[in-house]
Amino acid sequence: MQPNYSRDELRMFTERILENVFPDETGAARLQQAGLFLLIYVLQGDGEPVTVSRLKRLTGQGDAGLNIQLKKLIKIGLIEKTQILNKQGRGRAFHLSIKDGPKTRRLAKAIEKSGAKRKR
């Protein structure tokens with residue numbers, strides 16, 4: 001059986017996130033935050049705004065659970081929210097995106113590096 005390089009790369013990337021970015025959180029919270037960060041990172045490039053409603057629809061999670069983890073990601077400077085019109089164009093929603101900063105650049109670089117290795 002040949003080694004599965006993509007699994008090894010994902011493991012290295014995930015360990016980096018969990019150990020360096022969320023060191024003082026419980027294991028469950030670190031997992032939720034890493035998963036939420038990765039989901040926002042992936043979704044932000046597909047043309048549809050990343051909102052709490054969209055995340056709820058995709059994950060099956062409720063407002064409370066998502067908002068707790070989002071507040072933590074915003075507080076440590078990984079995620080930012082920008083007020084936008086909702087999809088009906090009448091009300092307000094918040095667009096979630098990866099905030100440009102030293103931590104997020106490091107995480108994005110690790111994601112891109114893993115993807116580049118995988119394509120080889």
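Visitor: Which residues does Q69 touch, not counting residues up to four places away in sequence?
Guide: This is a predicted model, and its contacts are to be read as such. Q69 is found in helix α4. Once residues up to four places away in sequence are left out, the residues that Q69 touches are A29, Q32, Q33 and L36.

Visitor: Is Q69 buried or exposed?
Guide: A residue counts as buried under 20% relative accessible area. Q69 has a relative accessible area of 7%, and therefore Q69 is buried.

Visitor: Which residues of α2 are buried?
Guide: Helix α2 covers residues 27–43. An α-helix has 3.6 residues a turn, so residues three or four places apart point the same way. In α2, the buried residues are A29, Q33, A34, L36, F37, I40, Y41 and L43.

Visitor: How far apart are the end C-alpha atoms of helix α2?
Guide: Helix α2 has 17 residues, and at 1.5 Å a residue these should span 24 Å. The expected span uses one less than the number of residues. The model agrees with this expectation, as the end C-alpha atoms of α2 are apart by 24 Å.

Visitor: In what order do the elements of the protein run from the N terminus on?
Guide: The protein has five helices and two strands. From the N terminus on, the order of these elements is α-α-α-α-β-β-α.

Visitor: How many bridges join β1 to β2?
Guide: Strands β1 and β2 run antiparallel, and I79 stands opposite I98 in β2. Their hairpin has six residues between the strands, and G89 takes a positive phi there, near 80 degrees. The number of bridges that join β1 to β2 is seven.

Visitor: What volume does the largest pocket have?
Guide: Rolling a probe the size of a water molecule over the atoms shows where empty space is left. For the largest pocket, the computed volume is about 450 Å³.

Visitor: Which element gives the most to the lining of the largest pocket?
Guide: The lining has 21 residues, of which T51, V52, S53, A93 and F94 are the closest to the pocket centre. Two or more lining residues come from each of α3, α4, β1 and β2. With five residues, the element that gives the most is α4.

Visitor: How many residues of the lining of the largest pocket are charged?
Guide: The lining of the largest pocket includes nine nonpolar and five polar residues. The charged residues of this lining number seven.

Terms used: Residues are numbered from 1 along each chain as its sequence is written. This is a predicted model: local features need pLDDT of at least 70, side-chain atom pairs count only at pLDDT 80 or more; totals for chains, interfaces and linings use all residues. Side-chain values use heavy atoms; hydrogens and water are left out. On a 1 Å grid over the protein atoms alone, a cavity is a set of points where a 1.4 Å probe fits but cannot get out, and a pocket is an open set with protein on both sides within 12 Å along at least five of seven lines; lining residues have an atom within 4 Å of a point. Grid points are joined across faces, edges and corners, and a volume is the space filled by probe spheres set on the points. Helices (H or I, at least four residues) and strands (E, at least two) are DSSP runs, numbered from the N terminus. Ala, Val, Leu, Ile, Met, Phe, Trp, Tyr, Cys and Pro count as nonpolar, Asp, Glu, Lys and Arg as charged, and the others, Gly among them, as polar. Two strands pair if DSSP finds at least two bridges between them. Buried means under 20% relative accessible area, exposed over 50%, partly exposed in between (1.4 Å probe, protein chains only). Contact means heavy atoms within 4.5 Å.
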